[in-house]
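Reader: I have a new structure open and would like to learn how to read it. Could you walk me through a few features?

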Amino acid sequence: MRIDDIAITPRKREPWQAVNLGVAMARKWYWPLFFSWAIPAWFFTLLLAVIFPGLAAWLPILILWWLKPLLDRGPLYIASRRLFGEQTGFWETLRALPKLYWRDAFWALTYRRLSVSRSYDMPVTLLENLSGQKRRKRLDVLQREGSGAAFYTLILLLHVEGFLILAFAGLVFFLVPIQYQEDFIQVFQHDLSLTTLIYNVLYAISVAVIGPFYSVCGFSQYINRRIDLEGWDIELHFRRLASRSQDNRKHLSASISAAFLVGLFGLLALSPYSVSAESSGSDS
């Protein structure tokens, strides 16, 4: 991680400004983030539904919800590299996913599963590679500021997921020709399995749409907290001053060298040997 290559202005922001920055980053890199979340999620859900067709219709979606802490790691992996100028490719991300999913997976899916600051805490596990007591101490420092915004971001995006499900359901309904809409409603009233299936599909689409925003908003809050704690803006300012001073020294050194050469050639031109040579030429 090179601070010099950071793609944002490293300055202290208010927690909600950091959330807004996360939304902007997610929009900028959205499609790679989306596919890194959606492809594993949809593949696993579909595979589960095909292999175990006798499972309750709601069980694959319940498992999808339960696996969210792991699925959020793909967008974090991409955003954490693109923020510092590394263009992570699609296949490279897919190859990295198994290792990302495996790290602390048991704890992420058990007692940490209902953590309200999950996206804010996730970089400590994946990017700093901390665990156990070191992780807890690091979180104690980070969560002194910004954890409230992480909680409300979670609540806000959960509501957005619900609104998306309703919006997609309304879209499906309005695409049905008006003369068949009443029959369409009756089918859903009498066939609960079909209703559950369509809800599951809409839920899988909605969480895949919102998942990248949740991951990157938490990551941006984490980066904002590190900028505040470690003074990245001050460090970067001093680095730039040092680089500018070094450039000035190089220019000064080049100017002195040029002046020295000019003076040397001037002295050679006015040396006694040159004068005597000119005198000899005039006598002859």
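Author: Gladly! Keep in mind that this is a predicted model.

Reader: Is L46 buried or exposed?

Author: A residue counts as exposed when its relative accessible area is over 50%. L46 has a value of 57%, so this residue is exposed.

Reader: What separates the C-alpha atoms of P98 and L70?

Author: The distance between these two atoms is 9.8 Å, while along the chain the residues are 28 apart.

Reader: Now for confidence. What is the mean pLDDT of the chain?

Author: pLDDT is the predictor's confidence in each residue, on a scale from 0 to 100. Here the chain has a mean of 81, and 76% of its residues reach 70 or more.

Reader: Which elements have the lowest and the highest mean pLDDT?

Author: The lowest belongs to helix α14 (residues 272–283), at 48, and the highest to helix α4 (residues 68–71), at 95. Residues 236–242 also have pLDDT below 50, and the model gives this stretch 5 contacts beyond near neighbours in sequence. For residues 273–280, pLDDT stays under 50 too, with 3 contacts beyond four places in sequence.

Notes:
Residues numbered from 1 in each chain as written. Predicted model: local features only at pLDDT ≥ 70, side-chain atom pairs only at ≥ 80, totals over all residues. Heavy atoms only, no water. Buried < 20%, exposed > 50% of the residue type's maximum accessible area, 1.4 Å probe, protein only. Helix = DSSP H or I, 4+ residues; strand = E, 2+ residues; numbered from the N terminus. Contact = heavy atoms within 4.5 Å.
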